[in-house]
Amino acid sequence: MYAWPASEVPALPGQGRDLRIHDTATGGLVTLDPGPVARIYVCGITPYDATHMGHAATYNAFDLVQRVWLDTKRQVHYVQNVTDIDDPLLERAERDDIDWAALAEKETALFREDMTALRMLPPRHYIGAVEAIPGIVPLVERLRDAGAAYELDGDTYFSVESDPDFGKVSGLDAAAMRLLSAERGGDPDRPGKKNPLDPMLWMAARPGEPSWDGGSLGRGRPGWHIECVAIALDHLGMGFDVQGGGSDLAFPHHEMGASHAQVLTGEFPMAKAYVHAGMVALHGEKMSKSKGNLVFVSRLRRDGVDPVGIRLALLAHHYRADWEWTDQVLQDALARLDRWRAAVSRPDGPSAEALVEEIRDALASDLDAPAALAAVDRWVARQDTEGGTDIGAPGIVSRAVDALLGVAL
Ligand code: 5CA
Ligand code: ZN
């Protein structure tokens with residue numbers, strides 16, 4: 001499917017930095033060294049409701065990764081999926097008495113609008129689960145033929161014990177895995193499984209549910225983890241630079257995906273870094289479609305909130321932190337936007353070369369966007385108190401925050 005239009009990324013004077021970023025699998029910072037074309041896979045939405053601030057915060061983190069790479073004059077090969085068939089989508093469609101495909105299409109369209117308004121760079125390949133099915137089926141067949149998958153009442157499960165590296169992405173123990181599996185789409189209590197953690201690869205057609213041709217697997221629909229593996233391997237291949245998502249994807253989703261890929265290719269890891277964003281909460285609880293405690297990007301936009309202000313609100317929090325969305329967060333961001341706009345509208349200011357380097361340093365150091373914002377704040381304050389005679393400086397500041405932070409002043 002198509003993605004959304006790209007906003008321009010101004011080129012900046014000087015040298016970009018190599019990105020040091022936290023990798024969940026090793027539990028520490030790694031310095032990434034992508035080739036001339038950096039490769040990143042970011043897990044996309046399950047389109048049964050509108051984009052909320054939690055989604056936006058996670059996509060903001062991976063947008064920054066790309067901006068750091070683009071600043072080093074690399075190209076970026078970015079792939080994102082849309083889980084346009086899965087249980088939650090069918091459940092919501094049934095609840096609201098609408099067609100599941102129409103619901104997916106509507107929410108994906110809204111997501112595109114939100115991403116465009118927030119100046120998130122679009123993926124080069126934006127792939128729906130449904131359109132990926134012809135590539136998923138042969139992978140499941142290969143796993144089965146290799147003895148890594150088994151059938152249970154017509155459904156096909158992956159055997160986690162077939163992967164010697166299982167557990168290395170999340171580093172969790174079996175008890176923690178079991179709890180999270182039950183919470184996050186798994187079925188650890190289903191009788192007959194070899195290991196309670198085994199995830200479904202292919203679900204046999206259920207009465208009244210959509211299904212597709214699964215070759216020797218029979219009609220059905222794909223499991224969640226194999227969807228992302230099939231899309232990532234098809235468009236990026238093994239050993240790509242970053243797999244990204246919110247921290248709730250570390251287990252089971254990214255763990256299982258790494259396992260599927262390990263057994264399929266004999267290589268580990270699928271991604272050089274597993275990068276996870278913190279969770280945004282509202283009223284003390286993780287914002288989630290299932291709980292309904294949501295602030296939607298589209299709602300704020302409809303209320304006339306400047307999307308650049310929304311972006312600044314996201315950037316004010318470190319991507320790995322769990323944080324709480326409040327009205328104050330938004331008011332602070334809008335006030336900062338006002339100050340920055342006034343500053344770059346002035347004819348001159350203090351020299352901005354050092355500021356560009358500070359923003360680069362901050363982002364290269366595990367995407368420290370709050371530190372980057374503080375550096376811009378300091379330049380704005382100096383312009384206020386000391387003035388400055390550099391007539392190029394406001395333009396440099398405006399281009400730097402646009403290129404590196406996606407903030408169009
Ligand atoms: N379609 C799958 C990934 S393949 C999925 O998790 N979809 S989602 O719509 O539930 O979430 C999309 C992305 O937003 C995921 O990376 C998820 O980790 C992230 N996300 C969801 N809720 C929050 C939240 N409250 N805070 C931060 N990120 C969140
Ligand atoms: Zn995914």
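In this predicted model, the C-alpha centres of domain 1 and domain 2 lie 33 Å apart. The contact between these domains takes 32 residues from domain 1, while domain 2 contributes 23 residues. Along the protein chain, domain 1 covers residues 20–297 and domain 2 covers residues 305–405.

How might one describe the extent of such a meeting surface? The size of an interface is often given as the accessible area that is lost when the parts come together. Here, domain 1 and domain 2 bury about 2400 Å² between them, and 58% of that area is on carbon and sulfur atoms.

Turning to the individual interactions, the rule finds 3 salt bridges across the interface of domain 1 and domain 2. A salt bridge also joins Arg311 to Asp63, with the closest N and O atoms 2.6 Å apart.

Which elements supply at least two residues each to the side of domain 1 that touches domain 2? They are strand 1 (20–23), helix 1 (53–71), strand 11 (271–277) and strand 12 (280–282). The largest share of this side of domain 1, 11 residues, comes from helix 1. Sorted by class, the side of domain 1 that touches domain 2 has 21 nonpolar residues, together with 6 polar and 5 charged ones.

Technical notes
Residues are numbered from 1 along each chain as its sequence is written. Chains are lettered from A and ligands numbered from 1 in the order in which they are written. This is a predicted model: local features need pLDDT of at least 70, side-chain atom pairs count only at pLDDT 80 or more; totals for chains, interfaces and linings use all residues. Side-chain values use heavy atoms; hydrogens and water are left out. Domain bounds come from an automatic or database domain assignment. Contact means heavy atoms within 4.5 Å. Buried area is the accessible area (1.4 Å probe) that two parts lose on being put together, summed over both. A salt bridge is a side-chain nitrogen of Lys or Arg within 4 Å of a carboxyl oxygen of Asp or Glu. Helices (H or I, at least four residues) and strands (E, at least two) are DSSP runs, numbered from the N terminus. Ala, Val, Leu, Ile, Met, Phe, Trp, Tyr, Cys and Pro count as nonpolar, Asp, Glu, Lys and Arg as charged, and the others, Gly among them, as polar.
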